[in-house]
Amino acid sequence: MAGIFEYFVVCGIGPEIRTLEGEKGFHGTLVMYLPSLLDQYPPPNHTLYPPPPPQLPTCVLPAGVEFYASGYDSNDSATFPRSYPIVLTEGDGTKIYVSCIAFRDPVCDDIAEAYQIPANSFADKCICFVSRSPSFNILRDALEELYVLCFSSSGSSKPLWDVIAHTVSNVPLPTPGKDRLLFAIENSLLAVEVPPMNGLPHADISFQPLLQCLDVDNFIMLFTAVLIERRILIRSNKYSLLTLASEAICHLIYPFRWQHVYIPLLFFSGVDYIDAPTPYMMGLHSGVDTYGLSMDGVVVVDLDINRITTSEDIPPVPEPEYSSLRGEILKLLCPNVMGIDLMKINPGSSLEQNPKAGRLWGPDHDLQLRLIFLKFFASLLGGYRNFIENTATQVFNNQAFLRKRSRLTNQPPDPMITQFLESQGFLDYLERGLGSDENSNNLLDKLQDAIGRGQNPLSILPSDLEEREIITISDSGVGISGSGAKYCYDRFPANSRTEEQEEKRKQILATASGALDSGKQLSGSPSVLAAGKDSKAESLSPRERAAERERMVLDIKVKLQGLWLRLLKLGSTDDPLSSFEYGTILALIESDAEGIGGSGFVECIREHIHSGWLCQLTDEQFIAVKELLKTAISRATSRNDMATVRDALEVSAEMFKKDTNNVSDFVQRHLRSLTIWEELRFWEGYFEYLMERFSNKSANYATLVTTQLIIVATHMAGLGLPDNDAWYMIETIAGKNNIGYKHIIKLRGYLSHIQQICIGYWGIYSIKSQSAASYGFPTPHLQDSADDSQQPTEASGVGRSWVQSMFSRDPSLRGNSLSRVRKWTSDGGSLAANENGTRKPDLSSGGQKKIQTSIRTLRGHSGAVTALHCVTSREVWDLVGDREDAGFFISGSTDCTVRIWDPSVRGSELRATLKGHTRTVRSINSDRGKVVSGSDDYSVLVWDKQTTQLLEELKGHDAPVSCVRMLSGERVLTAAHDGTVKMWDVRTDTCVATVGRYSSAVLCMEYDDSTGIMAAAGRDAVANIWDIRAGRPMHKLLGHSKWIRSLRMVGDTLITGSDDWTARLWSISQGTCDAVLACHGGPILCVDYSASDRGIITGSTDGLVRFWENEEGGLKCVKNVTVHNGSILSINAGEHWLGIGAADNSMSLFHRPQERLGGLSSSGGKLGGWQLYRTPQRTVAMVRCVASDLERKRICSGGRNGMLRLWDATINI
């Protein structure tokens, strides 16, 4: 009999410490660290159950692990243990239920010593019961009893891990509907039972918390969003509430099941998955910042404030079902109010109709609520069984059912029902019912039949009057061990370790403390095989020589065909590289100076494909074919035989094998190491070949070129060429054929899309290496050796890979997702490459010290940094004197504070903390005497910069404030998500004008104080120009198709950057678009203007910075910067200096020598004269905002971990 407890697990800080960003070692108490699996029972070597999910530590401690100076304090609620459930969903859809208790536990002495952690420190630890049964209450009760027993002053009669072992090993799952099982943990008696199988599914939760958080209308709206399978994000500041609300709504849609991604409690670092395009239901702690994520279409349910927001309307539940459902719920919640006009005893009825009136919420209320929703489905889907067809083309006749319902209700087909009938949940319900035993136990059908016969709906449920058999589980060892000895603990004890585990732990800690050498020396040099070849000159006539060559070609081709067919018959026990067939083909390819062997081998494969071969290879055949094609292409390249290289490229894209996860692995992607793919001349020749071969010469020329370039891009992605290199070659070919920017955008989008598909299947390529990094994510450990980074990469990447695997709609891929993740992370987790793809050399200790002197970490914020502003020298001298090194940075955070930093004071940079906002700070600006900040709390605060006193609170916006700007004359300009731009007079604390109204959120704003011209744009993809002094709108600039995220206004020119992957150049006076800049492979997040060159600089999520300048009557990209790998967040161009910051925490400073200003640079243009001056050593962090101080050559970044990273480029590295 299966046990109710599958595992007992302990998670927390292990011997190898890393931050959430991947940095090794201990970095203080304000940093969050990756949790590890510390102990488990049963031990790892058992075979009773599958091992715990590898993402378990990340999920049970979703915020990570934090260190503390103190432990539990009865006077401080922040130190109290927290108890909460979580639910994990595996790739095949099965659920794992986990009950957790998180608490502060002393740091192990050996870990503290190895990492020099302050004495008497504490860290987060989590103990868990893992089960396949949704018995939330017994899991929680048993876990709490163990926790209390561990820290009880009276102690336990047995060692704690013996108690755990007995509980996990000896408590079975009771027989549903028959048994009531009793067991004890020390002196506490616990009971568990499971309802009958033929009733409603087991739901060991209360539905009351969800009903208390949402009013009835919002409750029904959430229910509807789940039914029609929207993307749903549930927010709360309580972990338990997120899980209980998600589980409750899943039970209320019975007999339907949620078919998509289901993560009731998302770990904090996985917040980016909110951008996933497929339906999901996720729960996210309200303290996690989601600003900057594309929330279009996401239904955000805030349980703490009873609010549901979404950019797409949710269709209402149709009548009469809506009124009936709403009334039944209100009657259950407020029986005394709903029945206040009724007699206490109605004629023909009894009080038993509402036995719960006046009683506290209990299990009867939960059952009644579930029946209310089941009756709703019975009404909504009345007669649905008559429309089940189960034909080859459809299972259910939607249109006929909708027509029938329209006739009955005298209403047109309802959009909510239409979307529900097309959902995966409804289709799954039908497929489960067809030809299965589930049809005989279908409570929806039974309820419809009972209602039709006028029976009580409760009659469909099994009777629970039968007395259950009581089964007692006793622990014969209690009180025997040690003759009454008691076991007391001051911390949660570790389980006994094997000698191997203990030795491994000591090695890790010794390495951390510097006792062992880190890394291993890799040795080995490639061997070179030389093949000697004798040639015999023969004196033959030209005709004889031609005949001899023809016979030789025919003989080689005949031999190759026979050898090829025999090669395809190699068995699983054969060594392909030692086979006769492989050796002979290889010899024919290598020994033939004219290339007949190589071209003949490729031709054999092509003919075999054309004859109907399915191109699937076994593992053994795959190895042989891959190596033979490599040799053939290398020989053809040396002879400049591009026709053979081209043919080999095309056949390699056809042949594949299936791996253990049934994922196709193509030969083509294993040819990446060949240098021919890096040559533009090959791809130009291949493109010309495709153009000549294309038969439809009457097609539009631009369309024809685009079609052939799509084929080229497909092969480049299949080979795994880096995105930047592939796009450079495609862009060059497209530019020579003048196809227009619309086709350029289409090509860029296709290349990025196909690259992401390849990454999703096989991971990210390292240059000239087939090792794949963790699923869809590059390894962040740029400096670590392979051995050091391998295991932690798996630990940090598994959680993300687990989430990503759930987005697949292919059950065969989802079912084996975890094993694939483990393989990829172990194969590629240690890759380390610089921007050119080569491994960076290790830095000396002396070099490390110099680098550290140019980088400062500014700590102070307790939440993610969301706004950053650089103060100019004009604003600083009033406070600290006109010093050359003076220059302030002002930061805002999710911790609701604004902080002022003075970089000139090393070690004491924090100058002031401004408190007043109640939610995340989004925008900051300042002038000489004031600081202004805008927040998600809808307010704008104005502070005195010198005294740090709050001067004014400007209220008037109805949504989060996105932009603030200090103007001359004590005025402030603000923009918000409510679509308004307002001007305020600080002296009178009033809004003097609403200068702009837009249809959706304003994301960016620019204002020219000298002319009074304002530009603003946002989610409606329209840039609006206003003349504020005249009080009138000037132009609506139409052209972008998606959000506009950045603006730059210089004189009569406006530059906009958009999520449609383009930047546009506009004339403000004319209101016309003068140019479209379309070469990026992602949304353009920042733009700037180089005034002296009249050039434009753009930065995108593709990690590229592009320089554009006027050339031959149009704007042309003259230079790409590939220093950064993450999204470009900030570009600040001055006269001689250019500062750039990216989301991967990389920064760069460019310089343009003065002598280049008057003439052309070596690259042929003025903007091309920008030269990389310096870039600091990169550390792993997720950056939200960047600001630059070009006068002092400083760049500052704000990260999700709440820290600022200040780089002073004047310090020589």
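**Close-up views of selected helices**

**View A. Helix α6 is mostly covered, with ten of its twelve residues buried.** This is a predicted model. Helix α6 covers residues 216-227. Its first and last C-alpha atoms lie 16 Å apart, close to the 16 Å expected at 1.5 Å a residue.

**View B. Helix α3 spans residues 136-150.** Its 15 residues reach 21 Å from first C-alpha to last, close to the expected 21 Å at 1.5 Å a residue. Which residues of α3 are buried? They are Phe 136, Ile 138, Leu 139, Ala 142, Leu 143, Leu 146, Tyr 147, Leu 149 and Cys 150. An α-helix has 3.6 residues a turn, so residues three or four places apart point the same way.

**View C. Helix α10 runs over residues 363-380.** At 1.5 Å a residue, its 18 residues should span 26 Å. The end C-alpha atoms are 26 Å apart, which agrees. Buried residues of α10 include His 365, Asp 366 and Arg 370. Leu 369, Leu 371, Ile 372, Phe 373 and Leu 374 are buried too.

**View D. Helices α19 and α20 cross at roughly 155°.** Helix α19 holds residues 619-638, and helix α20 holds residues 642-652. Their axes come within 8 Å. An angle over 145 degrees counts as roughly antiparallel, and α19 and α20 are therefore roughly antiparallel to each other. The crossing is left-handed. From α19, the contact uses Leu 629, Ile 633, Ala 636 and Thr 637. These meet Met 642, Thr 644, Val 645, Ala 648, Val 651 and Ser 652 of α20. By class, the contact has seven nonpolar, three polar and no charged residues.

**View E. Helices α20 and α21 cross at roughly 80°.** Helix α21 covers residues 680-693, and the two axes come within 11 Å. That angle makes α20 roughly perpendicular to α21. On the α20 side are Met 642, Val 645, Arg 646, Leu 649 and Glu 650. They meet Arg 681, Phe 682, Trp 683, Tyr 686, Tyr 689, Leu 690 and Arg 693 in α21. This contact divides into eight nonpolar, no polar and four charged residues.

**View F. The whole chain has 29 helices and 50 strands.** Of its 1213 residues, 53% are buried. Among contacts with a separation of 6 or more, 62% join residues 24 or more positions apart.

Note on methods
Residues numbered from 1 in each chain as written. Predicted model: local features only at pLDDT ≥ 70, side-chain atom pairs only at ≥ 80, totals over all residues. Heavy atoms only, no water. Axes fitted to C-alpha atoms, helices over the stretch in contact; angles between N-to-C directions. Helix = DSSP H or I, 4+ residues; strand = E, 2+ residues; numbered from the N terminus. Parallel < 35°, antiparallel > 145°, perpendicular 65-115°, else oblique. Left-handed = near helix turned anticlockwise from the far one by under 90°. Contact = heavy atoms within 4.5 Å. Nonpolar A, V, L, I, M, F, W, Y, C, P; charged D, E, K, R; others polar. Expected span 1.5 Å × (residues − 1). Buried < 20%, exposed > 50% of the residue type's maximum accessible area, 1.4 Å probe, protein only.
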